[in-house]
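Here's a quick tour of one model, written for someone who likes to check the numbers.

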Amino acid sequence: MGIFSKFKGLFKHKPKVSEQITDLNKSKIEIKQKKFDQGLKKSSNILNESINQIAAKYRRLDDELIESIEETLLLFDIGTSATQKILQAIVDEIKYQNVTDPNLIKQIIVDKLFVYYIQDTDIDTNINLLPNTMNVILVTGVNGVGKTTSIAKLAHLYKSNNYKVCVIAADTFRAGAVAQLEIWANKIGVPIFKPQKSAQDPASVVYGGLDFAKKNNFDIVICDTSGRLQNKINLMNELKKIDGVIKRFDSNQPVESLLVIDATTGQSGIIQARAFNEVTKITGIVLTKMDSTAKGGIVLSIKDAFNLPVKFIGLGEGLEDLSSFDLEMFISGLTKGLEINER
């Protein structure tokens, strides 16, 4: 059985670029796969080396083998809870098949890793844009995760696909946040709605920005928010107020509430992000700096912590390096170079 054979029948929706953006032709698919391969190189090298070492030492299913697999999963940043579930599935499969072939050990480990991600999860990664209306995308995340840069990359992506886009600078708490977003907006060539006065209430900035966007018939409005966590009560009140303002314009908005997580911060980033998930309805994850970490298992940690799809993944620093998340490309990138024979 091949490495992808178990995945084909499990996709509820095949992960792909938002249907509203474009249908990728063969050339674009190949370019995107190369981005995944390059961006996941650090994670791929670590995972492949660890799995190959386990297979090379395999003689029988014993405590030493189980500990080696567990250590690999934990070092790959999968998280304790998910690790125990995946480990048990691997052990059960080895026992069931009475495995004697070391190559099959590698296949079972990879299969169980990603079957775990797929099962009981709606992995549709499409951004759900509504036709013939203004679509609001609310972006949240702690300071330092790449939230502003991600907003710029999203704006660039949608503008490149002929959407009329503007951004709202509603992070009035962090010094320099508005100026940073303005630099990006000017570089990309999209309008930015900024606070009209110092320390302006973020909700009033959002209201003004939505009014501006509606009057000027924008297709997509991307809204920045504060990333502070020092006072979660204030954060909760602020996000609720912003959400209420958006819903006054249209009860179907925001169409997406995206949470930005820095892949390099691992479990600590997930703990911080949990606070946002408690105070606002998150629809998907933007996973940044994936090219800078060797711990690609964070994708499974996110699934375990939030049961939410990763919708976009940062695979480099350029404006073009924010890609819609594609599980098949992700698996292919992580396992590139791992020799598993088709059976």
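Helix 12 (residues 327-334) is mostly covered in this predicted model, with seven of its eight residues buried. Buried here means under 20% relative accessible area, exposed means over 50%, and partly exposed is in between (1.4 Å probe, protein chains only). Helices (H or I, at least four residues) and strands (E, at least two) are DSSP runs, numbered from the N terminus. The buried set is Leu327, Glu328, Met329, Phe330, Ile331, Gly333 and Leu334. Those residues pack against helix 1 (26-39), helix 2 (41-57), helix 5 (102-118), helix 11 (298-306) and strand 7 (310-314). At the start of helix 12, a side-chain oxygen of Asp326 gets to within 3.0 Å of the backbone nitrogen of Glu328.

Ser43 sits in helix 2 and is buried, at 0% relative accessible area. Leaving out residues up to four places away in sequence, Ser43 touches Phe76, Met290, Thr293, Ala294, Lys295, Gly296 and Leu334; a contact means heavy atoms within 4.5 Å.

Now for a helix pair. The axes of helix 9 (residues 232-249) and helix 10 (residues 266-279) come within 9 Å and cross at roughly 45°, so the two helices are oblique to each other. Angles under 35 degrees count as roughly parallel, over 145 as roughly antiparallel, 65 to 115 as roughly perpendicular, and the rest as oblique. On the helix 9 side, the contact is made by Lys232, Leu235, Met236 and Leu239; helix 10 brings Ala275, Phe276, Glu278 and Val279.

Most residues other than glycine have a negative phi, and most peptide bonds are trans. The bond from Gln253 to Pro254 is cis, with omega near -5°, and Pro254 lies in the loop between helix 9 and strand 5 (256-262).

On confidence, the chain averages a pLDDT of 86, and 89% of the residues score at least 70; pLDDT is the predictor's confidence in each residue, from 0 to 100. Over residues 1-21 pLDDT stays under 50. Where pLDDT is low, the predicted coordinates should not be read in detail.

Residues are numbered from 1 along each chain as its sequence is written, and side-chain values use heavy atoms, leaving out hydrogens and water. For this predicted model, local features need pLDDT of at least 70 and side-chain atom pairs count only at pLDDT 80 or more, while totals for chains, interfaces and linings use all residues.

Note on methods. Polar contact = N/O pair within 3.5 Å; in protein donor to acceptor, adjacent residues only side chain to side chain. Axes fitted to C-alpha atoms, helices over the stretch in contact; angles between N-to-C directions.
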